[in-house]
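Biologist: I have not worked with this model before, and I would like to go through it slowly, asking at each step what stands behind the words that are used. Could we start once it is on the screen?

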Amino acid sequence: MTSPQSEVSFYDNPVIPGFHPDPSVCRVGEDYYLVCSSFEYFPGVPLFHSRDLVHWRQIGNVLDRPSQLPLPDDAMASDGIYAPTIRHHDGRFWMITTNVSHGGNFIVTAERPEGPWSDPVWIDLPGIDPDLAWDDDGNCWCSFAGAHGPSFSGVQVARIDPEAGKVLEGPVPAWAGTGLQWPEAPHLYRIGDWWYLMIAEGGTERGHTVAMARARSPLGPWESAPANPVLSHRSTNHPIQSTGHADLVTTPDGQWWMVLLATRPVGYSPKFHVLGRETFLTPVRWEDGWPRVGPVNVRERAPSGTRPVAEAPRRDDFDGPGLEPRWISPRSRPDGSWSLAERPGWLALHATGSTLDRPGCTFLGRRQQHTASRTAVLLDHAAGRAGLSVRLDEGHHYDLEVADGQVGVIARIGPVRQVVATRPVPPGPVALVITTRSARQWSEGEERRSGLHVAAPDYVAFHVGDDPEPLAELDGRYLSTEVATGFTGRVIGMYVTEGTAWFDWFEHGPLEP
C-alpha cells in the first residue's frame with residue numbers, strides 16, 4: 001500500500017477530466033494556478049490550484065459577478081468566454097480573455113488567486129484568444145488570434161497598457177503558422193535570448209496541432225520550428241485526439257511541462273467525445289533550441305514530488321453558507337432563482353423559465369467528469385415541474401422529470417422533443433439517478449439482425465429510487481459535439497421549470513462496477 005508521504009510514480013490523463021478546455025497555467029513559487037474556457041456558463045473561467053501539476057482542486061471562478069460576465073439571453077450556446085490566459089506579474093494575478101457575446105477582449109486582476117478579481121478592463125483589440133507577456137523593460141505585449149472568417153489574418157501582437165486597456169503600439173501581424181487553418185491560441189514566452197510564440201492550428205477538431213516559432217523580439221521576424229508541428233495526434237489511432245491549445249510551465253527544479261486540451265473519442269466511426277475537451281498534462285524536453293513534446297499518453301511518469309491527495313467529495317449536502325465553485329448555470333444565475341436559506345440543508349430552486357429548450361431556465365449543474373458515471377439527487381418537488389438533466393445545449397439534453405404525479409424521461413434531440421417513458425411516482429421526496437456507461441457489446445448475430453453497427457459512445461440510463469431496472473436507456477451520441485456541434489461538453493444538473501423544487505443532496509462520481 002502507498003504511504004501518504006510516498007511519491008506517485010505515474011499519473012493518468014486527463015488531469016482535469018470533463019469539459020475543461022483551453023487550459024492556461026502559471027506558477028508562483030511552488031503553487032500552480034490554471035484556468036479554462038467556460039463559454040455560455042456562469043460563473044465563468046474556473047480556477048484551479050495544484051502543488052504538483054497532477055492533482056488539481058477548483059478554488060473558485062475568476063468571473064463570479066454579473067458585472068464581470070454579462071451574458072445576454074440571446075448569447076448562443078458555445079458563445080461567451082473563450083480561451084483565458086492567466087499570468088502572475090509584479091505581485092498580481094492577471095487574466096485576459098474574450099467575451100465573444102459582449103465586449104470582446106478584457107483583463108481582470110487580483111492580489112490573491114481566490115479573489116476578489118477586478119471588474120473588466122476592456123481592450124480595443126479584435127480577435128480572440130489573447131495572451132499577456134512582459135519584457136525586461138516592463139512593456140506588456142498582447143498576442144491574439146484574428147477573428148475567424150474570410151479575413152482571418154493569423155496571430156497579431158500589440159504593446160498595451162494593461163492597467164488602462166490602451167493599445168500603445170500595433171497591432172502588427174506576427175505569424176500565420178505553418179499553413180493549416182485557424183492559427184490561434186497564441187502564447188508568448190521569453191526563454192533565454194529568444195521570444196517563443198506557441199500557437200494551435202488545424203482547428204480544434206481531430207486536426208488540432210501545436211506549432212512553435214521564435215524571434216529575437218516580440219515583433220518578430222518569426223522563424224518556424226523545423227519540426228512543426230511540435231505536437232499532433234492527427235491521423236493516428238491514439239485514444240487521445242484533438243491535442244492542441246497548449247501552455248508551458250516550469251517546475252521549481254527546472255522541468256518543463258505542457259498543459260493542453262484533448263479529447264477521448266469512442267464508438268463507431270467517426271467516434272464521439274461526450275465529456276468535451278479536457279485538460280491533459282505532458283512533459284516537454286528541449287533539443288537544439290526547440291521544444292519536443294508527445295505523444296500525450298493516458299499514463300505518464302509523474303513530476304518529481306507528486307504525492308497522493310484526497311479526492312474531492314462526490315456529494316454536496318447543501319449545508320454550507322454558499323454554493324461550491326463547481327456549480328454552473330447557463331448565462332446567469334439570478335439571486336431569486338435559488339436559495340440555501342429557505343429550507344436549511346436543502347437547495348431551493350425557483351422557476352425562471354418554462355422550458356430547458358430556450359435560454360432563461362433555472363438550471364444548476366456540474367460538468368460530467370467520468371465516462372462511466374452515476375449522478376443522483378433527492379428531489380422534493382411538491383407542486384411543480386423539476387428534475388435532473390444531462391445537458392449539452394438547449395437543443396440537446398435528456399431529462400428525468402417529475403410533475404403531476406408522474407416521473408418521465410424526455411429526450412430533446414435537435415428539432416425533436418419526445419417523452420420516452422413515464423410511470424407514477426408517490427408524493428414526497430424521490431431519488432432520481434442517471435448513469436452513463438460504455439456501449440453494450442452486441443453479439444455479431446444481434447448486430448446483423450439490427451442492421452446497425454454499435455455506434456454509441458455510451459448509454460444514458462434513468463432510474464427512480466433504488467429500482468435497478470431503468471425507466472429508459474438512451475444512446476449517448478446525441479449529447480456529443482459531433483452531433484450537436486459547439487465547443488462544450490456535458491453538464492449534469494438540477495432544474496425547475498414550474499413552481500419551486502427542493503434538493504436535499506446531489507452526488508456525482510464514477511459508476512462502480
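Biologist: In which strand does Ala 83 lie?

Modeller: Ala 83 lies in strand β7, and please keep in mind from the outset that this is a predicted model.

Biologist: Why is Ala 83 called buried?

Modeller: The relative accessibility of Ala 83 is 2%, and buried means under 20%, so Ala 83 counts as buried.

Biologist: Why is the largest pocket said to lie between domain 1 and domain 2?

Modeller: The domain assignment gives domain 1 as 10–301 and domain 2 as 315–510, and since both of them give residues to the lining of the largest pocket, that pocket lies between them. The centres of domain 1 and domain 2, taken over C-alpha atoms, are 31 Å apart, and 37 residues of domain 1 are in contact with 39 residues of domain 2.

Biologist: What is the volume of the largest pocket, and which residues are closest to its centre?

Modeller: The volume of the largest pocket is about 1,700 Å³. Of the 50 residues that line the largest pocket, Val 15, Val 54, His 55, Trp 56 and Ala 312 are the closest to its centre. The elements that give two or more residues to this lining are β1, β5, β6, β29 and β38, and by class the lining has 20 nonpolar, 15 polar and 15 charged residues.

Biologist: How is the lining of the second largest pocket made up by class?

Modeller: The lining of the second largest pocket has 12 nonpolar, 3 polar and 5 charged residues. This pocket has a volume of about 540 Å³, and of its 20 lining residues Cys 26, Arg 87, His 88, Tyr 189 and Leu 248 lie nearest its centre. The elements that give two or more residues to the lining of the second largest pocket are β2, β7, β11, β15 and β20, and the largest share, 4 residues, comes from β15.

Biologist: What makes Ser 38 a buried residue, and what does its side chain reach?

Modeller: Ser 38 has a relative accessible area of 0%, and as buried means under 20%, Ser 38 is buried. The place of Ser 38 is in the loop between β3 and β4, and its side chain reaches the backbone nitrogen of Val 45 at 2.9 Å. With its neighbours within four places in sequence left aside, Ser 38 is in contact with residues including Phe 19, Ile 81 and Arg 367.

Biologist: Why is Trp 286 called partly exposed?

Modeller: Its relative accessible area is 27%, and buried means under 20% while exposed means over 50%, so Trp 286 falls in between and is partly exposed. Trp 286 is found in strand β22; Trp 256, 30 residues away in sequence, is 8.6 Å away in space, C-alpha to C-alpha. Not counting residues up to four places away in sequence, Trp 286 touches Ile 191, Tyr 196, Trp 256 and Pro 291.

Definitions and conventions
Residues numbered from 1 in each chain as written. Predicted model: local features only at pLDDT ≥ 70, side-chain atom pairs only at ≥ 80, totals over all residues. Heavy atoms only, no water. 1 Å grid on protein atoms, 1.4 Å probe; cavity = no way out; pocket = protein on both sides within 12 Å on 5 of 7 lines; lining within 4 Å. Points joined across faces, edges and corners; volume = space filled by probe spheres on them. Nonpolar A, V, L, I, M, F, W, Y, C, P; charged D, E, K, R; others polar. Domains from an automatic or database assignment. Buried < 20%, exposed > 50% of the residue type's maximum accessible area, 1.4 Å probe, protein only. Polar contact = N/O pair within 3.5 Å; in protein donor to acceptor, adjacent residues only side chain to side chain. Contact = heavy atoms within 4.5 Å.
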